[in-house]
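Please look through the sequence and the model shown here before reading on. The report that follows goes from whole chains to single residues.

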Amino acid sequence: MAKIKSLDDLRVMKESFQSKINLREKGENPGSHVQIKVAMATCGIASGAKTVMEFMMEELEKRGIESVVTQTGCMGYCYAEPTIEVKLPGQEPVVFGYVDTKKADEIIEKYIKNGELVEGIIPMNYETIDN
Amino acid sequence: MRDLSLHILDIIQNSVAANASLIEISIHEDVEKDLLKITIKDNGKGMSKEFVKIATDPYTTSRTTRKVGLGIPLLKQNAERTGGSLSITSELGKGTILEATFIPSNIDCLSLGDIAGVIALTVSGNPLINFIYNHNINGNLYTFNTKEVKEILEGISIAEPSVCRYLKEMIQSNLEEIQIGTFGYKT
């Protein structure tokens with residue numbers, strides 16, 4: 001592929017972006033995508049959150065999983081960084097700690113694809129007993 | 001932090017948290033003056049004079065999930081280690097300017113790292129914020145403005161993974177053209 005340089009090249013590429021989006025939106029379950037949040041505060045970045053986020057974005061697209069990967073702040077689990085929150089459609093979000101690219105791969109293959117839980121989950125209660 | 005690009009990624013989060021709608025990142029490399037300057041300017045909510053004074057203190061943070069805030073102190077430490085410095089100017093309601101200078105020839109100076117990746121990740125991670133990124137290497141300037149990119153993309157979101165990857169490549173090849181790495185440090 002020729003080197004990408006200018007905004008004109010971007011204009012040329014636009015159609016291919018659009019066709020990818022169309023393809024995805026015509027998929028079986030439009031709107032039901034996996035939501036992933038990568039904790040990107042000082043603690044997360046210092047432990048490699050950027051690599052994990054890039055890996056997630058790339059691999060989920062490659063493996064054809066409908067997903068949105070976004071950044072979030074520190075979730076308070078600095079000791080377990082990098083942490084990511086994965087929300088499967090219609091389910092409660094789950095937080096995973098000590099995520100490197102190997103762990104991220106495992107999360108995609110086991111949890112996201114099959115719903116199997118993998119090691120490294122940080123227990124988080126969104127609802128307390130009181131309510 | 002392993003390199004300066006990660007520091008930039010980190011500091012930008014402060015501007016994002018301050019509800020900025022425009023964030024300007026400027027990197028100026030000057031081999032003759034042996035100087036590397038990173039400036040991050042935002043139009044967020046700004047800080048009071050008192051808060052600016054304590055912003056470089058590791059026990060200062062605006063968050064409630066923990067009691068320490070290491071982003072700015074770590075950057076300050078890394079800048080000062082090379083003989084450089086860090087300064088913050090801020091005005092409530094107007095925004096904040098953070099400036100860090102480094103002496104690249106110093107052995108303790110971190111490499112710049114994957115700056116193209118950091119910019120691409122940041123702009124697509126914050127699709128509602130506009131970013132301007134200026135990188136000047138020995139007088140050769142490259143400017144990246146998300147406003148222009150968004151105009152070209154029209155309806156397509158800048159958050160699309162394929163767009164993010166594309167932007168990274170675009171920034172990278174432009175930086176190569178203005179000779180990234182003329183300082184001799186690893187890029």
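## Chain B as a whole

Of the 187 residues in chain B, 41% count as buried, where a residue is called buried if 20 or more other C-beta atoms lie within 10 Å of its own, exposed if 12 or fewer do, and partly exposed in between, with the C-beta atoms placed from the backbone. This is a predicted model, in which local features need pLDDT of at least 70 and side-chain atom pairs count only at pLDDT 80 or more, while totals for chains, interfaces and linings use all residues. Residues are numbered from 1 along each chain as its sequence is written, and chains are lettered from A and ligands numbered from 1 in the order in which they are written.

A compact globule of 187 residues would have a radius of gyration near 16 Å, and chain B, with 16 Å, agrees with that; the radius is taken over C-alpha atoms, and the globule rule is 2.2 Å times the number of residues to the power 0.38. Along its principal axes, the C-alpha trace of chain B spans about 40 × 40 × 25 Å. Chain B contains six helices and six strands, which are DSSP runs numbered from the N terminus (helices are H or I with at least four residues, strands are E with at least two). Read from the N terminus on, these elements follow the order α-β-β-α-α-β-β-α-β-β-α-α. Among the contacts in chain B with a separation of 6 or more, 65% are between residues 24 or more positions apart, a contact being two residues whose C-beta atoms, placed from the backbone, lie within 7 Å.

## The sheet of chain B

Chain B has an open sheet of six strands in the order 3-4-2-1-5-6, with mixed pairing; two strands are said to pair if DSSP finds at least two bridges between them. Strand 3 (85–91) and strand 6 (140–145) of chain B stand at the edges with a single partner strand each, so one side of each has no neighbour in the sheet. From one strand to the next, the twist averages 10°.

In general, strands of a sheet pair through backbone hydrogen bonds, either parallel or antiparallel. Strand 3 of chain B pairs with strand 4 (residues 95–102) of chain B in the antiparallel sense, over seven bridges, and B:S87 has B:E99 in strand 4 of chain B as its bridge partner.

## Two crossing helices

Helix 4 (residues 115–125) and helix 6 (residues 161–177) of chain B have axes that come within 8 Å and cross at roughly 145°; such axes are lines fitted to C-alpha atoms, for helices over the stretch in contact, and the angles run from 0 to 180 degrees between N-to-C directions. By class, the contact of helix 4 with helix 6 of chain B has ten nonpolar, three polar and one charged residues, where Ala, Val, Leu, Ile, Met, Phe, Trp, Tyr, Cys and Pro count as nonpolar, Asp, Glu, Lys and Arg as charged, and the others, Gly among them, as polar. Residues taking part include B:A116 and B:I119 from helix 4 of chain B, and B:V163 and B:L167 from helix 6 of chain B.

## Where the chains meet

The contact takes 29 residues from chain B and 29 residues from chain A. On the side of chain B that touches chain A, helix 6 of chain B gives the most, with nine residues. By class, that side of chain B has 15 nonpolar, eight polar and six charged residues.

Chain A has four helices and five strands, which run α-β-α-α-β-β-β-α-β from the N terminus on. Of the 131 residues in chain A, 29% are buried.

## Some single residues

Is B:A55 buried or exposed? B:A55 has 22 C-beta neighbours inside 10 Å and therefore counts as buried, and its place is the loop between helix 2 (49–54) and helix 3 of chain B. Leaving aside residues up to four places away in sequence, B:A55 touches B:M47, B:T60, B:I72 and B:I88.

B:N19, in the loop between helix 1 and strand 1 (22–30) of chain B, has a positive phi of about 60° although it is not a glycine, and with 11 C-beta neighbours inside 10 Å B:N19 counts as exposed. In chain A, a cis peptide bond with omega of about -10° joins A:E81 and A:P82, and A:P82 is found in the loop between strand 2 (67–72) and strand 3 (84–87) of chain A.
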